[in-house]
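Biologist: I would like to go through this structure with you slowly, and to ask at each step what stands behind the words you use.

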Amino acid sequence: MPSAFSTKSNHNSWNPYFITGFSDAEACFHVSVKKVNWGLGWRVEAKFSIRLHKKDLVALRSFQSFFGPEVGIITNNADGSVGFSVFSSIPLQGIYSTFH
């Protein structure tokens, strides 16, 4: 893999087309509607997520840094994968604008 995944790379210099292509293969946007017992009785939740094998954790952290170090969360999953997820609407707008 190219040095684009170096932990020393400047995320601002990443090519947005690389991010778009990588996301096209590995990521998804998801919108769910859930019934709740408060407010109007429904909750709409938007999410952007990527799930990779745990050996690709450095790549996932580098991907996260492209959008900003405080954007989203990285989780370790029981099946040996790692995930990057964004739930909040403001960071989701920034992610969406990368693909628009």
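This is a predicted model: local features need pLDDT of at least 70, side-chain atom pairs count only at pLDDT 80 or more; totals for chains, interfaces and linings use all residues.

Biologist: How many bridges join S1 to S2, and in which sense do the two strands run?

Modeller: S1 and S2 are joined by 9 bridges and run antiparallel. Two strands are said to pair if DSSP finds at least two bridges between them, so S1 and S2 count as paired.

Biologist: What makes a stretch a helix or a strand here, and how many of each does the protein have?

Modeller: Helices (H or I, at least four residues) and strands (E, at least two) are DSSP runs, numbered from the N terminus. The protein has 3 helices and 4 strands, and along the sequence they follow the pattern α-β-β-α-β-β-α.

Biologist: In which order do the strands lie in the sheet, and what makes a strand an edge strand?

Modeller: The open sheet of 4 strands has the order S1-S2-S4-S3, with antiparallel pairing. The edge strands are S1 (27–35) and S3 (73–76), each of which pairs on one side only. From one strand to the next, the twist averages 30°. S3 pairs with S4 (residues 81–86) in the antiparallel sense over 4 bridges, and Ile74 stands opposite Phe84 in S4.

Biologist: Why are H1 and H2 called oblique to each other?

Modeller: H1 (residues 16–26) and H2 (residues 57–67) pack at an angle of about 125°, with their axes 12 Å apart. Axes are lines fitted to C-alpha atoms, for helices over the stretch in contact, and angles run from 0 to 180 degrees between N-to-C directions. Angles under 35 degrees count as roughly parallel, over 145 as roughly antiparallel, 65 to 115 as roughly perpendicular and the rest as oblique. The angle of about 125° belongs to the rest, and H1 and H2 are therefore oblique.

Biologist: Which residues of H1 and H2 meet?

Modeller: Pro16, Ile19, Phe22 and Ser23 in H1 meet Phe63, Phe66 and Phe67 in H2, where contact means heavy atoms within 4.5 Å.

Biologist: How do you know that H2 is mostly covered?

Modeller: Of the 11 residues in H2, 8 are buried, among them Leu57, Phe63 and Phe67. Buried means under 20% relative accessible area, exposed over 50%, and partly exposed in between (1.4 Å probe, protein chains only). H2 lies across S2, S3 and S4, running at about 10° to S4.

Biologist: Why is Ser88 called partly exposed?

Modeller: Ser88, in the loop between S4 and H3 (89–99), has a relative accessible area of 41%. That value falls between the 20% and 50% limits, so Ser88 is partly exposed. The C-alpha atoms of Ser88 and Lys47 are separated by 7.8 Å, although these residues are 41 apart along the chain.

Conventions:
Residues are numbered from 1 along each chain as its sequence is written. Side-chain values use heavy atoms; hydrogens and water are left out.
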